[in-house]
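Me: I'd like to learn how to read helix packing and core contacts from a model. Can you take me through it with this one?

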Amino acid sequence: MSNENLPLKPGLYVTATPIGNLGDMTYRAVEVMKSADLILCEDTRQTAKLCAAYDIRTSRTAYQDHNAARVRPEILDRLTNGAAICLVSDAGTPLIADPGFKLVREAREAGIDVFPVPGPSALIAALSASGAPSDRFTFGGFAPAKAGARQKFLEEFASAQGVLIFYETGNRLGDSLAAMAEALGERDAIIARELTKIHETFHRGALTALAAEYANAPPKGEIVVLVFPKTATAVGDVEIDEFLASALTNLSVKEAAAAAAEKLGVPRRLAYERALSLRKKS
Ligand code: SAM
């Protein structure tokens with residue numbers, strides 16, 4: 001049988017690998033990894049397991065944050081001289097919250113062919129099976145770990161349309177969900193965990209309820225958070241101000257803002273700023 005993929009043309013092959021279930025390796029990914037001159041790995045030990053499973057004997061070398069700047073010129077040199085080089089990450093699609101961006105950019109700038117070898121990615125796996133509206137979404141990657149930077153980062157997503165998708169770790173999940181409730185207002189979210197693995201789960205709830213649930217019980221495994229869009233019936237400024245004006249007759253600015261956030265599902269900071277300006281005017 002003739003194979004249109006082989007022999008490999010020279011170039012950089014950005015190759016997706018499974019996010020848990022080894023069976024999700026694509027036929028083409030195996031062919032490319034077997035036929036390339038070199039495989040660039042995030043962690044060579046991790047990729048060794050995949051190669052053992054598919055009898056891939058191509059030589060491998062690390063390409064990760066700590067050595068990327070140093071080895072990139074050499075890799076680009078080999079590519080310019082006609083090598084076929086495969087880039088993989090530990091799991092999923094390279095460059096998606098993983099190394100590789102500068103290599104791809106510089107390869108393109110140098111006129112080298114860059115080929116996608118598509119396959120699994122946790123954000124797409126999560127969205128496709130979640131039941132959340134899938135027509136429009138924004139991917140935020142990992143939120144910063146420090147509280148102040150995380151709040152600022154999340155606030156930038158408050159007015160985005162469609163589902164918001166974040167990567168998160170189990171021990172930060174509770175804090176992160178609480179910060180989302182504050183920055184984005186109360187919304188539903190889905191915690192998609194251990195996708196394609198034995199303990200795969202999808203768990204839906206309101207952000208504040210999920211935050212409370214996970215605060216003292218950090219889940220194990222890998223996690224994608226999907227946050228639903230603001231509902232079509234989202235409240236307008238007039239309604240927020242009416243609520244706040246009434247609340248401010250017997251509550252402090254902070255308390256009125258908290259009440260508005262809970263009752264109307266608006267971001268707490270927004271409610272606080274509006275309450276403050278109402279109080280100043282009164
Ligand atoms: N490049 C990968 C991709 O295409 O999805 C993502 C790499 S990023 C360093 C790793 C994060 O992806 C994990 O912390 C988790 O948030 C998410 N992730 C990866 N595999 C997952 C899985 N099987 N189930 C849920 N989330 C997963």
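Me: Is the crossing of H7 and H8 left-handed or right-handed?

Reply: Quick caveat before we start: this is a predicted model. The crossing of H7 and H8 is left-handed.

Me: At what angle do H7 and H8 pack, and how far apart are their axes?

Reply: Helix H7 spans residues 170-184 and helix H8 spans residues 207-215; they pack at about 160°, and their axes are 8 Å apart. Angles over 145 degrees count as roughly antiparallel, so H7 runs roughly antiparallel to H8.

Me: Which residues in H7 meet which residues in H8?

Reply: From H7 you have Leu 173, Gly 174, Leu 177, Ala 178, Met 180 and Ala 181, and they meet Leu 207, Thr 208, Leu 210, Ala 211, Tyr 214 and Ala 215 in H8. By class, this contact has 10 nonpolar residues, 2 polar and no charged.

Me: Now the other pair. At roughly what angle do the axes of H10 and H11 cross?

Reply: Roughly 135°, with the axes of helix H10 (residues 253-264) and helix H11 (residues 268-281) coming within 8 Å. H10 and H11 are therefore oblique to each other, and their crossing is right-handed.

Me: On to cores. How many residues has the largest nonpolar core, and which have the most contacts inside it?

Reply: The largest nonpolar core has 23 residues, and those with the most contacts inside it are Phe 166, Leu 177, Met 180, Leu 184, Ile 191, Val 225 and Val 227. Helices H6, H7 and H8 and strands E7, E8 and E10 each supply at least two residues of this core. H7 gives the most, with 7 residues.

Me: What is Phe 166 in contact with, leaving aside its neighbours within four places in sequence?

Reply: Phe 166 is in contact with Gly 140, Gly 141, Phe 153, Leu 154, Phe 157, Met 180, Ile 223, Val 224, Val 225 and Val 227.

Terms used
Residues numbered from 1 in each chain as written. Predicted model: local features only at pLDDT ≥ 70, side-chain atom pairs only at ≥ 80, totals over all residues. Heavy atoms only, no water. Axes fitted to C-alpha atoms, helices over the stretch in contact; angles between N-to-C directions. Helix = DSSP H or I, 4+ residues; strand = E, 2+ residues; numbered from the N terminus. Parallel < 35°, antiparallel > 145°, perpendicular 65-115°, else oblique. Left-handed = near helix turned anticlockwise from the far one by under 90°. Contact = heavy atoms within 4.5 Å. Nonpolar A, V, L, I, M, F, W, Y, C, P; charged D, E, K, R; others polar. Core = buried A, V, L, I, M, F, W, Y, C linked by side-chain atoms within 4.5 Å. Buried < 20%, exposed > 50% of the residue type's maximum accessible area, 1.4 Å probe, protein only.
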